[in-house]
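Thank you all for coming.

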Amino acid sequence: MQINWYPGHMAKARRQLAESLKLIDVVVEIVDARAPLASRNPDFDDLFSDKTRVVLLNKSDLADPAASAEWMRFYRAQGILAGEIVSTANSGKAQAVRLIGEAAADSVARMKEKGVSKTVRALVVGIPNVGKSTFINRIAGEARAKTGDKPGVTKGKQWVRVTPYLELLDSPGLLWPKLGDQSLARHLAYLGSINDEILELEELSSELLKELRTICPDALTARYKKLTADTPDDRLLEAVCQSRGFVLRGGVYDTERAARVLLDEFRGGKIARVTLERPEGALHGEDA
Ligand SMILES: Nc1nc2c(ncn2[C@@H]2O[C@H](COP(=O)(O)OP(=O)(O)OP(=O)(O)O)[C@@H](O)[C@H]2O)c(=O)[nH]1
Ligand SMILES: [Mg+2]
């Protein structure tokens with residue numbers, strides 16, 4: 001399976017973002033703390049090359065805390081303004097607002113010299129389903145932007161006023177034309193940032209089980225009792241079926257159902273707090 005997803009609405013949204021750049025002081029890039037490498041869009045380096053950026057590791061309630069700490073050290077060592085947040089709770093909210101203020105400090109100071117109290121306009125960007133709209137609602141203190149647990153919920157653009165001096169602009173989740181490295185592309189698919197309808201879910205789930213067995217074998221066996229260290233790689237999904245009784249008439253394993261259940265449980269953080277990527281060699285590679 002070759003994973004690539006760059007539908008027309010993303011190309012259009014990218015063009016619209018490029019046109020609204022002059023209105024924007026700061027770019028806030030939301031990434032998924034479970035896959036901070038795969039979920040950074042390399043295309044943003046071109047698109048926002050002359051903007052100050054803040055990187056926020058969202059959904060850190062679902063990630064391994066030690067790995068998130070490693071990522072924060074990695075960003076800070078490079079001078080990147082970065083924070084760790086949970087947009088479905090208040091965790092990291094004050095820090096995120098502080099980082100946006102820090103990123104906008106120069107332009108605010110320039111305007112102050114002219115006697116103007118500037119409203120900082122921050123564009124919130126990221127790949128699909130990382131929690132951009134949830135983040136905006138959290139900062140604004142009310143549900144202003146539409147959210148949902150699937151990619152492609154936000155369609156158009158919308159300014160949300162947080163205070164008289166801060167406005168946030170939501171944007172549709174953006175990927176890039178060629179995902180390249182397929183091991184990273186799979187991570188995006190595990191997270192729910194790729195439309196499930198274009199994916200072969202059984203193949204994807206088997207790959208996810210292999211990765212989870214390396215990262216958190218005990219938690220995996222605790223959740224799916226028949227899946228152990230001895231289960232062969234090509235029987236992992238069947239072991240999930242055995243664990244849950246997903247057996248069709250004639251004793252055939254319902255691997256399709258197991259695949260959906262596994263992805264749902266992984267995405268919901270039910271297996272363990274898992275981070276799929278560590279900072280070493282944190283660059284987008286070529287095709288694996
Ligand atoms: N556990 C957890 N879930 C989160 C967090 N932030 C967002 N979510 C959930 O992630 C899902 C996607 O959130 P959205 O805010 O719609 O994501 P988005 O980035 O705006 O998505 P698109 O507009 O589709 O690109 C929703 O089900 C949110 O409740 C978080 O910090 N932790
Ligand atoms: Mg959205």
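Predicted model: local features only at pLDDT ≥ 70, side-chain atom pairs only at ≥ 80, totals over all residues.

Is arginine 244 buried, partly exposed or exposed? Arginine 244 is partly exposed, at 29% relative accessible area, where buried means under 20% relative accessible area, exposed means over 50%, and partly exposed lies in between, with a 1.4 Å probe and protein chains only.

Residues are numbered from 1 along each chain as its sequence is written, chains are lettered from A and ligands numbered from 1 in the order in which they are written, and side-chain values use heavy atoms, with hydrogens and water left out.

Let me stay with that arginine. Arginine 244 forms a salt bridge with glutamate 265, and the closest N and O atoms are 2.9 Å apart; the term stands for a side-chain nitrogen of Lys or Arg within 4 Å of a carboxyl oxygen of Asp or Glu. Because glutamate 265 lies in helix H10 (residues 255-267) and arginine 244 in helix H9 (residues 236-244), the pair ties together parts that are 21 residues apart in sequence. Helices here are DSSP runs of H or I with at least four residues, strands are runs of E with at least two, and both are numbered from the N terminus. Glutamate 265, at 10% relative accessibility, counts as buried.

By this rule the model has 17 salt bridges. One of them joins lysine 118 to aspartate 25, with the closest N and O atoms 3.0 Å apart. Lysine 118 sits in the loop between helix H4 (93-113) and strand E4 (120-125), and aspartate 25 in the loop between helix H1 (8-20) and strand E1 (26-32), so that distant parts of the chain, 93 residues apart, are linked. Both lysine 118 and aspartate 25 are buried.

A further pair is aspartate 45 with arginine 53, where the closest N and O atoms are 2.6 Å apart. Aspartate 45 is partly exposed at 43% relative accessibility, whereas arginine 53 is buried at 17%. These two residues belong to a network of salt bridges that also includes Glu29 and Arg40.

Leaving aside residues up to four places away in sequence, lysine 51 touches Leu21, Ile24, Asp25 and Val27, contact meaning heavy atoms within 4.5 Å. A polar atom of the lysine 51 side chain lies 2.8 Å from the backbone oxygen of isoleucine 24.

Now to the metal. The magnesium ion, ligand 2, is coordinated by Ser133 (OG) and Thr154 (OG1) at 1.9 to 2.2 Å; donors are N, O and S atoms within 2.8 Å of the metal (3.2 Å for Na, K and Ca), and, as water is not among the atoms, sites may look incomplete. Serine 133 lies in helix H5 (residues 132-140) and threonine 154 in the loop between H5 and strand E5 (158-163), so the pair ties together parts 21 residues apart in sequence. Serine 133 is buried at 6%, and threonine 154 counts as buried at 15%.

Finally, H5 is mostly covered, with seven of its nine residues buried, and the elements covering them include E1, E2, H4, E4, E5 and strand E6 (166-170). After H5 comes glycine 141, with a positive phi near 85 degrees.

Technical notes. Polar contact = N/O pair within 3.5 Å; in protein donor to acceptor, adjacent residues only side chain to side chain.
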